[in-house]
Amino acid sequence: AIATHYDPTSHTLTIASGGGDDRAYLHYVTSQATGSSDSTTQVTKTVPLSHPHTDSISCVSLNLDMKPQAHLVAVGSYDGAIVVYD
């Protein structure tokens, strides 16, 4: 399961993912200028989400458009758990 959100202000792509390993993750990919006018570099960071599911992740959803900072991630799995992170 995959959900994505791109923030044009921070140049960050946020990806929520989960699957058969019973774990959900947030991945951040940020483009940063390297100093020259046409050159950028990508910085990636992966954060495992804390809930220990006991079966495959079946769905993920992001709501990162809420202001000022109420960002939500929802994860559901075949073990029947639905977890909302803020």
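Trainee: What is the bridge partner of Val 75 in E7?

Mentor: In E7, Val 75 is bridged to Val 83. Strands here are DSSP runs of E with at least two residues, numbered from the N terminus.

Trainee: Before I go on, what kind of model is this?

Mentor: This is a predicted model, where local features need pLDDT of at least 70 and side-chain atom pairs count only at pLDDT 80 or more, while totals for chains, interfaces and linings use all residues. Residues are numbered from 1 along each chain as its sequence is written, and side-chain values use heavy atoms, with hydrogens and water left out.

Trainee: Back to the bridges, then. How many link E6 and E7?

Mentor: Four bridges, in the antiparallel sense, with E6 covering residues 72-77. Two strands count as paired if DSSP finds at least two bridges between them.

Trainee: And in what order do the strands of that sheet run?

Mentor: The order is E5-E6-E7, an open sheet of three strands with antiparallel pairing. E5 (57-63) and E7 (82-85) are the edge strands, each pairing on one side only.

Trainee: What does Val 75 touch?

Mentor: Leaving aside neighbours within four places in sequence, the contacts of Val 75 include Ala 24, Leu 49, Ile 57, Cys 59 and Tyr 85. Contact means heavy atoms within 4.5 Å.

Trainee: Which residues have the most contacts inside the largest nonpolar core?

Mentor: Leu 49, Leu 62, Val 73 and Val 75, in a core of 13 residues. Strand E3 (24-33), E5, E6 and E7 each give two or more residues to this core, and the largest share, three residues, comes from E5. A nonpolar core is a set of buried Ala, Val, Leu, Ile, Met, Phe, Trp, Tyr and Cys residues joined through side-chain atoms within 4.5 Å. Buried means under 20% relative accessible area, exposed over 50% and partly exposed in between, with a 1.4 Å probe and protein chains only.

Trainee: New topic: Lys 45. Buried or exposed?

Mentor: Exposed, because its relative accessible area is 51%. Lys 45 is in strand E4 (residues 40-48).

Trainee: Which residues does Lys 45 touch?

Mentor: Leu 26, His 27 and Tyr 28, not counting residues up to four places away in sequence. Lys 45 and Thr 14 are 31 residues apart in sequence and 9.7 Å apart in space, C-alpha to C-alpha.

Trainee: And overall, how many helices and strands?

Mentor: Zero helices and seven strands. Buried residues make up 31% of the 86 residues.
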